[in-house]
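Take a first look at the chain shown here. The walk below goes from the whole chain down to single residues.

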Amino acid sequence: MKKISLLVVFGFLTVLFSISTFAQMPAAKIALINSESFFDEKAGITKLVAANKQLEAEFAVRVKELQDGSTRLKGIAKQLDDMQKLPASQFNQNTHTAKQEEGERLQREITYKKTDLESAVNRRRDILVTPVSRDIGKRIDEFAKKNGYGAIFDVSKFADSGVLLFLAESADATKEFIIFYNTRPATVVPPK
């Protein structure tokens with residue numbers, strides 16, 4: 001019985017000392033960063049904005065082709081709809097069938113071009129944007145250590161989920177991080 005009492009007292013003292021030691025530790029600072037602000041053309045991360053602009057410029061012609069194709073497809077759909085509304089005496093089945101086949105061919109072409117474009121954009125994004133994104137991740141770690149942050153959370157992820165209900169300006173380190181990053185020497189060589 002004495003051994004059990006001694007064990008209980010020892011356990012109690014261990015917990016008590018642990019709590020007092022924990023209470024004496026300084027609280028870790030927490031910061032919030034809005035990663036969506038990194039893409040702001042005026043106040044964002046210049047390397048990331050430049051990489052995204054380059055990506056958009058490289059594929060602008062192909063994106064425009066897809067948009068034009070979609071516009072043409074909508075026009076064909078309207079023509080088919082208008083043909084359906086014609087009286088039977090004016091309706092030409094051969095013209096309708098030809099227009100329908102044209103629309104189906106155009107739809108297949110658009111689908112193929114869209115899939116091909118998405119694949120090309122993803123490959124090029126891996127070359128242009130991914131290295132910058134990785135560097136940003138490394139610099140966030142450096143920024144946190146430099147400023148004594150124990151944790152940095154991405155506000156944009158919280159906002160999407162509805163978890164963040166309030167954000168004090170003093171907790172938002174987005175501008176401070178962007179300035180920190182943009183003044184750093186170039187660590188990522190932009191590809192051509």
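What follows starts with the overall layout and then moves to helices and their neighbours.

This is a predicted model. The chain holds 6 helices and 2 strands. Read from the N terminus, its elements run α-β-α-α-α-β-α-α. Of its 192 residues, 24% are buried. The accessible surface comes to about 14,000 Å². Carbon and sulfur atoms account for 61% of that surface. Now look at the contacts between residues with a separation of 6 or more. Of these, 81% join residues 24 or more positions apart in the chain.

Begin with helix 6, which spans residues 174–182. Its buried residues are Thr174, Phe177, Ile178, Phe180 and Tyr181. They cover an arc of only 160° around the axis, so they sit on the same side of helix 6. An α-helix has 3.6 residues a turn, so residues three or four places apart point the same way. The face turned away from the buried side of helix 6 carries the exposed residues Lys175 and Ile179.

What do the buried residues of helix 6 pack against? Their partners are strand 1 (29–33), helix 2 (46–84) and helix 4.

Take helix 4 next. This helix covers residues 130–147. The axes of helix 4 and helix 6 come within 10 Å and cross at roughly 115°. Helix 4 is therefore roughly perpendicular to helix 6. The crossing is right-handed. On the helix 4 side, the residues that meet helix 6 are Val132, Asp135, Ile136, Arg139, Ile140, Glu142, Phe143, Lys146 and Asn147. On the helix 6 side, they are Glu176, Phe177, Phe180 and Tyr181.

One is Arg139, found in helix 4. Is Arg139 buried or exposed? Its relative accessible area is 16%, under the 20% limit, so Arg139 counts as buried. Arg139 and Phe177 are 38 residues apart in sequence. In space, their C-alpha atoms are 8.7 Å apart.

The other is Asn147, which also lies in helix 4. Asn147 counts as buried because its relative accessibility is 18%. Which residues does Asn147 touch, not counting those up to four places away in sequence? They are Lys29 and Glu176.

Helix 4 has another neighbour in helix 3, residues 93–128. The axes of helix 3 and helix 4 come within 4 Å and cross at roughly 45°. The two helices are therefore oblique to each other. Helix 3 brings Arg125, Asp126, Ile127 and Leu128 to this meeting. Helix 4 brings Thr130, Pro131 and Val132.

End the walk in helix 2, where Phe59 has its place. Phe59 is buried, because its relative accessible area is 9%. Which residues does Phe59 touch, leaving aside those up to four places away in sequence? Its contacts are Leu117, Ala120, Val121 and Arg124. Consider one of these pairs. Phe59 and Leu117 are 58 residues apart in sequence. Their C-alpha atoms are 8.0 Å apart in space.

Technical notes:
Residues are numbered from 1 along each chain as its sequence is written. This is a predicted model: local features need pLDDT of at least 70, side-chain atom pairs count only at pLDDT 80 or more; totals for chains, interfaces and linings use all residues. Side-chain values use heavy atoms; hydrogens and water are left out. Buried means under 20% relative accessible area, exposed over 50%, partly exposed in between (1.4 Å probe, protein chains only). Contact means heavy atoms within 4.5 Å. Accessible areas come from the Shrake-Rupley method with a 1.4 Å probe; for residues, only the protein chains shown count as cover. The arc is that of the directions from the helix axis to the C-beta atoms. Axes are lines fitted to C-alpha atoms, for helices over the stretch in contact, and angles run from 0 to 180 degrees between N-to-C directions. Angles under 35 degrees count as roughly parallel, over 145 as roughly antiparallel, 65 to 115 as roughly perpendicular and the rest as oblique. A crossing is left-handed if the near helix is turned anticlockwise from the far one by less than a right angle, and right-handed if clockwise.
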